[in-house]
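Have the sequence and the 3D view open, and look things up as you read.

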Amino acid sequence: MEHGVTDQGFSADQIDTSKPHPARMYDYFLGGRDNYEVDRTAAEYVVEAHPEVRPSARANRDFLHRAVRAVVSAGIRQIIDIGTGIPTSPNTHEVAREVAPDVRVAYVDNDPIVATHAGARLTNTANTGFVLADVREPKAILDDPVVRELIDFDQPVGLILGAVLHFIKDEENPAAIVATLAEGLPAGSHLVLTHATGEPHTGGVHDRAAQTDVERVYKNATASLSLRSRAEVQPFFAGFELLEPGLLRVPLWRPDGRLPSDDELNKTIFYGGVGRKV
Ligand SMILES: C[S@@+](CC[C@H](N)C(=O)[O-])C[C@H]1O[C@@H](n2cnc3c(N)ncnc32)[C@H](O)[C@@H]1O
């Protein structure tokens with residue numbers, strides 16, 4: 001395949017500016033400009049209650065960069081990145097191609113705002129594609145023609161679920177979603193996953209009220225938030241062998257350079273890990 005491909009199937013009036021969107025709030029946390037007043041108001045509310053959300057978003061991105069480099073260094077040449085987010089440089093294909101220029105990337109997100117930016121910033125290069133689809137329909141993603149054009153399911157795949165599963169409620173069975181995606185991938189495939197938590201890093205009292213408060217902000221958004229403990233996130237790696245150093249606060253995963261301070265760890269609300277399908 002020579003050029004980036006898309007299967008966007010949306011119209012401009014699908015961009016809802018009446019409700020906060022997680023993709024646009026996250027863009028705001030990262031200092032981006034692809035957000036609206038309604039997103040900034042909701043995001044500011046979260047930042048005021050939890051200033052750690054901004055360094056956490058940054059730490060999540062940094063983890064994803066290290067994890068993508070690791071899986072490409074392990075030989076992966078094709079990636080499905082679900083819950084892509086509004087493009088933020090460097091994007092997955094840019095990081096991957098620093099290691100191996102022939103990596104192919106299928107981006108998937110259910111937010112039309114991501115689709116509107118994909119053409120200029122994700123699929124403006126060969127061997128990338130974007131699909132507007134919902135992770136809650138994992139079979140449809142695996143069967144999507146754009147995904148099928150980019151991904152050879154006989155070869156190991158890198159599956160990225162970065163900061164997306166906390167938008168899936170327990171009753172929507174996130175573990176089953178990951179299992180369905182994983183079933184479609186051959187042994188040797190890698191799962192890169194991050195997930196927000198309300199669990200304190202080292203001891204301390206879990207501030208349930210504050211957690212509920214943040215979850216309430218997302219209740220008014222287009223996707224609700226389900227923070228999970230490490231013990232609740234770990235089962236998402238069923239069928240995968242966790243690579244060293246395991247599932248832990250994202251700055252602790254193979255830090256490149258200095259070790260994170262306790263203060264930084266306490267300000268990081270994401271768990272992250274990389275697994276290899278056995
Ligand atoms: C917090 S951003 C994460 C972006 C990027 N993966 C990262 O970790 O930096 C979450 C993204 O997941 C997307 N998302 C939320 N629910 C989704 C769903 N059900 N299916 C697909 N994407 C979803 C949002 O639109 C948003 O772009």
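A residue counts as buried if 20 or more other C-beta atoms lie within 10 Å of its own, as exposed if 12 or fewer do, and as partly exposed in between. Keep in mind that this is a predicted model.

Start with Phe63, which sits in helix α3. Phe63 has 27 C-beta neighbours inside 10 Å, so it counts as buried. Who does it touch? Skipping the neighbours within four places in sequence, Phe63 is in contact with Thr194, Val250, Trp253 and Gly272.

Now hop over to Ser89, in the loop between β2 (78-82) and α4. Ser89 and Asp62 are 27 residues apart along the chain, and their C-alpha atoms are separated by 11 Å.

## Around the ligand

How many residues surround the ligand? The count is 23, and the closest are Ala23, Gly83, Gly85, Asp111 and Gly162. Sorted by class, this shell has 11 nonpolar, 7 polar and 5 charged residues.

Two helices to find here are α1 (22-29) and α3 (53-73), as each supplies at least two residues of the shell. Both turn up again in the next part.

## Helices that pack together

Two packed helices are described by the angle between their axes and the distance between the axes. Take α3 and α4 (residues 92-99) to begin with: they pack at an angle of about 45°, and their axes are 9 Å apart. That angle makes α3 oblique to α4. The crossing of the pair is right-handed.

Which residues do the meeting? On the α3 side they are His65, Val68, Arg69, Val72 and Ser73, and on the α4 side Thr92, Val95, Ala96 and Val99. By class, this contact of α3 with α4 has 5 nonpolar, 3 polar and 1 charged residues.

Next up are α1 and α2 (residues 37-49), whose axes come within 9 Å and cross at roughly 65°. The crossing of α1 and α2 is right-handed. From α1, the contact uses Arg24, Met25, Tyr28 and Phe29; from α2, it uses Asp39, Arg40, Ala42 and Ala43. The residues of this contact divide into 5 nonpolar, no polar and 3 charged.

A cis peptide bond joins Ser89 to Pro90, with omega about -5°. Pro90 is placed in the loop between β2 and α4. Another cis peptide bond runs from Glu244 to Pro245, with omega near 5°. Look for Pro245 in the loop between β7 (240-242) and β8 (248-249).

Asn127 has a positive phi, near 60°, in a residue other than glycine. Asn127 lies in the loop between α5 (112-121) and β4 (128-132). Buried or exposed, which is Asn127? There are 22 other C-beta atoms within 10 Å, so Asn127 is buried.

Arg254 also has a positive phi without being glycine, and its value is near 40°. You'll spot Arg254 in the loop between β8 and α11 (262-266). With 14 other C-beta atoms within 10 Å, Arg254 is partly exposed.

How values were computed
Residues numbered from 1 in each chain as written. Predicted model: local features only at pLDDT ≥ 70, side-chain atom pairs only at ≥ 80, totals over all residues. Near = placed C-beta within 6 Å. Helix = DSSP H or I, 4+ residues; strand = E, 2+ residues; numbered from the N terminus. Nonpolar A, V, L, I, M, F, W, Y, C, P; charged D, E, K, R; others polar. Axes fitted to C-alpha atoms, helices over the stretch in contact; angles between N-to-C directions. Parallel < 35°, antiparallel > 145°, perpendicular 65-115°, else oblique. Left-handed = near helix turned anticlockwise from the far one by under 90°. Contact = placed C-beta atoms within 7 Å.
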